[in-house]
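Please look first at the sequence and the model as they are shown below.

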Amino acid sequence: MPAIGAVRQVALSAGRDLDATLAFWLGVLGMSVHARYDPPGIAFIMAGGVRLLFTDGVPPGTVYLDIAGLEAFHAEAKATGVPFTAPPTLVHRDTEGRFGPAGESEWMAFLKDPAGNTIGLVERLAPEEH
């Protein structure tokens with residue numbers, strides 16, 4: 001059986017307007033386009049070591065991105081009109097350390113890009129930070 005490594009690429013919908021979808025990821029999330037090919041109208045954004053492929057013809061997906069300063073980002077983005085589907089919320093207290101250092105809490109907020117992809121923003125906080 002082959003050894004499976006890290007995630008290489010995640011495909012997300014570009015919707016009907018690749019430019020609008022990319023503008024959201026660049027303007028709201030501060031990411032940058034790694035490569036774009038026209039035709040066929042696809043683009044890649046690097047999220048750490050994982051390629052995010054934006055293309056038409058795939059259903060909207062969900063991707064979770066680590067973020068530092070989730071509360072501040074949420075306040076700033078919301079003030080500029082970015083619609084969140086869920087504000088920063090505690091989703092897990094990792095008392096046993098299964099997903100990181102024991103005692104940390106995991107907070108998430110959710111928003112959607114113009115193509116309908118759901119973006120979960122995730123911040124882990126040490127016990128003294130929450």
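Valine 63 has isoleucine 119 of strand 8 standing opposite, strands and helices being DSSP runs numbered from the N terminus (strands E, at least two residues; helices H or I, at least four). The model is predicted, so that local features need pLDDT of at least 70 and side-chain atom pairs count only at pLDDT 80 or more, while totals for chains, interfaces and linings use all residues. Residues are numbered from 1 along each chain as its sequence is written, and side-chain values use heavy atoms, with hydrogens and water left out.

Strand 5 (62–66) and strand 8 (118–125) pair in the parallel sense over 5 bridges, where pairing requires that DSSP finds at least two bridges between two strands. They belong to an open sheet of 4 strands in the order 5-8-7-6, with mixed pairing. Strand 5 and strand 6 (84–94) stand at the edges with a single partner strand each, so one side of each has no neighbour in the sheet. On average, neighbouring strands here are turned by 25° against each other, direction ignored, the axes being lines fitted to C-alpha atoms (for helices over the stretch in contact) and the angles running from 0 to 180 degrees between N-to-C directions.

Helix 2 packs on this sheet and touches strand 6, strand 7 and strand 8, its direction making about 175° with that of strand 6; contact means heavy atoms within 4.5 Å. Within helix 2, Leu70, Phe73, His74 and Ala77 are buried, that is, under 20% relative accessible area, whereas exposed means over 50% and partly exposed lies in between (1.4 Å probe, protein chains only). These buried residues fall within an arc of 100° when seen down the helix axis, so they line one face of helix 2, the arc being that of the directions from the helix axis to the C-beta atoms. Their cover includes strand 6, strand 7 and strand 8, while the face turned away from the buried side carries the exposed residues Glu71, Glu76 and Ala79. After helix 2 comes glycine 81, with a positive phi near 95°.

A second open sheet is formed by 4 strands in the order 1-4-3-2, again with mixed pairing. Its edges are strand 1 (9–13) and strand 2, each with a single partner strand, so one side of each is left without a neighbour in the sheet. Strand 2 and strand 3 pair in the antiparallel sense over 4 bridges, with valine 33 opposite isoleucine 45 in strand 3. Helix 1 packs on this sheet, touching strand 1, strand 2, strand 3 and strand 4, and its direction makes about 15° with that of strand 3. In the loop between strand 2 and strand 3 lies proline 39, which is joined to aspartate 38 by a cis peptide bond with omega of about -15°; the bond from proline 39 to proline 40 is also cis, with omega near 15°.

The largest nonpolar core has 26 residues, and those with the most contacts inside it are Trp25, Leu29, Phe54, Leu65, Ile119 and Leu121; such a core is a set of buried Ala, Val, Leu, Ile, Met, Phe, Trp, Tyr and Cys residues joined through side-chain atoms within 4.5 Å. Helix 1 gives the most to this core, with 4 residues. Leaving aside neighbours within four places in sequence, leucine 121 is in contact with residues including Leu29, Leu65, Phe73 and Trp107.
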